[in-house]
Amino acid sequence: MMAIYSPLRSYQAMLFVPLPFVVAILLLVLFVTVLRRDEETQPNRPFLALILLAVLQSVLSGLRWGYGVQAVGVIAPVTAAMVPPLAYAGVSRLVRTSRRPLVVRIALHAVPAAVILLLMVVWRDVIDIALVLVFVGYALAILLLMRPGADALRLAPFEGAVPAYRAIIFAAVALCLSASVDIFVFLDFTWTHGEHALTLISVSNLAVLVILGIAAAAASRSRAPAETMEAALKLETIEDKETIATVDALMEAKRLYRDANLNLDRLARKAGIPARQISTAINRAMDKNVSQYVNDYRIGEACRLLAATQKSVTEVMFEVGFQTKSNFNREFRRVTEMTPLAWRQKKGGAGFPPVSS
């Protein structure tokens with residue numbers, strides 16, 4: 001991504017000249033798909049902007065290396081500097097609410113691009129180094145936000161928290177990969193005058209753009225990763241038991257798990273307990289994250305409905321709070337070790353698992 005504007009002294013054709021434009025079209029299709037999918041809900045605008053920026057970067061790459069349009073070298077560094085802040089902003093919208101005004105947030109995320117623009121005027125030789133620092137810095141910032149695992153995504157619906165978590169980790173890795181590519185290209189020009197640079201640029205930049213685009217699409221939808229050893233070794237406390245008892249009572253009385261948009265932040269407000277306290281209690285006492293805890297309730301009711309009613313699997317899925325068959329089937333298999341249809345055939349109208357585990 002970043003290496004598309006390194007100062008090459010000679011021009012060669014890319015491995016496949018049309019490839020960047022094909023990637024741009026695919027990313028544009030992905031953008032339209034995500035936009036239509038989220039049209040009934042509030043979209044994650046930074047992630048949508050990130051996909052569009054990936055489209056632009058792919059087009060610039062094709063123009064620069066496919067057709068030798070050197071003017072692209074003026075635009076590409078600035079647009080590249082906008083990629084990490086957009087990724088971080090998208091993640092932040094799933095992690096926490098911001099009290100800063102929108103104008104202030106936009107201004108803060110525009111700082112890297114402004115710095116690169118300034119360097120293009122006063123000190124062009126350090127642009128590549130500055131971009132490496134921007135990409136690595138934001139990647140580390142994203143990973144720090146994700147330290148608690150899937151439960152860090154307090155504002156993401158439980159159903160999509162784990163896939164979103166994984167997508168975000170991939171996005172952070174992609175940012176680091178982009179920085180690594182730029183370092184390699186810089187060294188290649190220093191040692192071999194760019195002998196291997198174009199081959200690497202042709203493949204790696206497009207791969208990074210695709211990874212970021214897909215990751216942004218997946219994360220915007222908003223099996224849990226293993227908990228840390230430190231959390232596993234901590235003993236359950238009296239406060240943990242009281243917290244879980246309060247949440248259990250709320251789940252059973254109000255059936256909050258039926259809310260497809262339920263997330264940790266909303267659950268915390270309903271229970272009147274800090275989100276971190278709920279997450280810590282469930283992780284420590286039950287050895288699972290909050291997403292799994294809520295889905296256990298959903299699957300418990302789904303099992304009862306499948307065995308005791310004639311409702312279709314799809315009707316049951318929506319009634320208990322799931323929105324997609326893939327998540328429903330995955331969680332159903334995790335809890336029961338069989339598919340919904342197999343469960344219905346086996347139970348034949350009798351026998352129910354416990355609501356919670």
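User: Is R284 buried, partly exposed or exposed?
Analyst: R284 is partly exposed, with a relative accessible area of 22%. For the terms, buried means under 20% relative accessible area, exposed over 50%, and partly exposed in between (1.4 Å probe, protein chains only). Please keep in mind that this is a predicted model: local features need pLDDT of at least 70, side-chain atom pairs count only at pLDDT 80 or more, and totals for chains, interfaces and linings use all residues. Residues are numbered from 1 along each chain as its sequence is written, and side-chain values use heavy atoms, leaving out hydrogens and water.

User: Which side chain meets R284 in a salt bridge?
Analyst: That is D240, at 2.8 Å, N to O. A salt bridge here is a side-chain nitrogen of Lys or Arg within 4 Å of a carboxyl oxygen of Asp or Glu. D240 sits in helix α11 and R284 in helix α13 (residues 275-286), so the pair ties together parts 44 residues apart in sequence. Helices are DSSP runs (H or I, at least four residues) and strands likewise (E, at least two), numbered from the N terminus. D240 counts as buried, at 2% relative accessibility.

User: Nice. How many salt bridges does the structure hold?
Analyst: There are 11. One of them joins R258 and E301, with the closest N and O atoms 2.2 Å apart. R258 lies in the loop between α11 and α12 and E301 in helix α14 (residues 290-308), so this pair ties together parts 43 residues apart in sequence. R258 is partly exposed at 31% relative accessible area, while E301 is buried at 4%.

User: Which residues are linked with those two in a network?
Analyst: R255, K311 and E319 are linked with R258 and E301 in a network of salt bridges.

User: And what does D296 pair with?
Analyst: D296 forms a salt bridge with R334, the closest N and O atoms being 2.9 Å apart. This pair links distant parts of the chain, with D296 in helix α14 and R334 in helix α16 (residues 325-336), 38 residues apart. D296 is buried at 6% relative accessibility, and R334 is buried at 18%.

User: Changing topic: where is A260, and what does it touch?
Analyst: A260 is in the loop between α11 (238-254) and α12 (264-271). Not counting residues up to four places away in sequence, A260 touches P157, R298, G321 and Q323, where contact means heavy atoms within 4.5 Å. A260 and G321 are 61 residues apart in sequence, yet their C-alpha atoms are 4.4 Å apart in space. A260 counts as buried, at 17% relative accessibility.

User: What about the largest nonpolar core, how many residues has it got?
Analyst: It has 45 residues, and V91, I116, I142, M146 and L153 have the most contacts inside it. Such a core is a set of buried Ala, Val, Leu, Ile, Met, Phe, Trp, Tyr and Cys residues joined through side-chain atoms within 4.5 Å. The largest share of this core, 10 residues, comes from α7. I116 touches P77, V78, A81, I127, A130 and L131, not counting residues up to four places away in sequence.

User: Last one: is W123 buried or exposed?
Analyst: W123 counts as exposed, at 51% relative accessibility. W123 is found in the loop between α6 and α7.
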